[in-house]
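Please look at the sequence and the structure shown here, and keep both in view while reading the paragraphs that come after them.

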Amino acid sequence: MSSIGDKYPTMKTQKIQNGAQVCLRILTIATTLAATWLVFTDKQTIEIFGLKMDARYSYSPAFKFFAYANVIACVFSALSLLTFFIICRQGSKPNSHFFLFLHDLLMMAMVLAGCAAATAIGYVGQFGNSHIGWLAICDHFGKFCHKLICSIALSFVSVLSLLALTIMSAVRSRHIQA
């Protein structure tokens, strides 16, 4: 025989879960915003043998995708924070948390894809590829590469935050009635 407490969380547990959701959503907004800002402001010009060469995120489709994935995740995470406050005011329903679950899952997948693309190109920039003849550029464009690494690290933090949000929303939506 199960009691009501077994099926539904207590008010204190709900407050802790809601607080964690708010904190994780704010963390996601902050990290994706910081990652975006770092990428958009990342450029470096050097002179080699009298030739000026520059490195910018916009020269790589992978870095552009990374930047725009973070912008989209930042905006939609801010909207999901507002949506979460509306859900909490109207009373927490499993269906509402299911939509948050889908949102968080989609945002996590998009940011993770952007991170993977940027990491792959960043690896080639750092180490090159001798089989294809691609040279490493990070020994020449150190400032550019360092900012990009910081941006990718922040973005991976947002992936972890979105993963936690996805799990939390999935758990809270498991009470959906068919």
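This is a predicted model: local features need pLDDT of at least 70, side-chain atom pairs count only at pLDDT 80 or more; totals for chains, interfaces and linings use all residues.

Residues are numbered from 1 along each chain as its sequence is written, and side-chain values use heavy atoms, with hydrogens and water left out. Helices (H or I, at least four residues) and strands (E, at least two) are DSSP runs, numbered from the N terminus.

We can begin with the strands. Strand 1, residues 43-48, pairs with strand 2, residues 51-56, in the antiparallel sense over six bridges, where two strands count as paired if DSSP finds at least two bridges between them. Lys43 has Arg56 in strand 2 as its bridge partner, and Ile48 has Leu51 of strand 2 as its bridge partner. The hairpin of these two strands has two residues between the strands, and Phe49 lies in that loop between strand 1 and strand 2. Phi of Phe49 is near 50°, which is a positive value in a residue other than glycine. Is the residue Phe49 buried or exposed? Its relative accessibility is 82%, so Phe49 counts as exposed (buried means under 20% relative accessible area, exposed over 50%, and partly exposed in between, with a 1.4 Å probe and protein chains only).

The helices come next. Two packed helices are described by the angle between their axes and the distance between the axes. Here the axes are lines fitted to C-alpha atoms, for helices over the stretch in contact, and the angles run from 0 to 180 degrees between N-to-C directions. Helix 2, residues 11-40, packs with helix 5, residues 142-172, at an angle of about 155°, and their axes are 8 Å apart. Helix 2 and helix 5 are therefore roughly antiparallel to each other, given that angles under 35 degrees count as roughly parallel, over 145 as roughly antiparallel, 65 to 115 as roughly perpendicular and the rest as oblique. The crossing of helix 2 and helix 5 is left-handed, a term used if the near helix is turned anticlockwise from the far one by less than a right angle, whereas clockwise gives a right-handed crossing. Sorted by class, the contact of helix 2 with helix 5 has 15 nonpolar, twelve polar and three charged residues; Ala, Val, Leu, Ile, Met, Phe, Trp, Tyr, Cys and Pro count as nonpolar, Asp, Glu, Lys and Arg as charged, and the others, Gly among them, as polar.

Helix 2 also packs with helix 3, at an angle of about 155° and with their axes 8 Å apart. Helix 2 and helix 3 are therefore roughly antiparallel to each other, and the crossing of helix 2 and helix 3 is left-handed. In the contact of helix 2 with helix 3, there are 19 nonpolar, eight polar and one charged residues.

The nonpolar core is the next topic. In soluble globular proteins, nonpolar side chains tend to be buried together. A nonpolar core is a set of buried Ala, Val, Leu, Ile, Met, Phe, Trp, Tyr and Cys residues joined through side-chain atoms within 4.5 Å. Of the 26 residues in the largest nonpolar core, those that touch the most other members are Val39, Phe63, Phe66, Val111, Phe144, Leu148 and Leu162. At least two residues of this core are supplied by each of helix 2, helix 3 (61-90), helix 4 (94-127) and helix 5, and the largest share, eight residues, comes from helix 5.

Some single residues remain. Phe65 lies in helix 3 and, at 38% relative accessibility, counts as partly exposed. Val75 is also found in helix 3 and counts as partly exposed at 45% relative accessibility; the C-alpha atoms of Val75 and Thr32, which are 43 residues apart along the chain, are separated by 9.1 Å. In helix 4 lies Val124, which counts as partly exposed at 23% relative accessibility.
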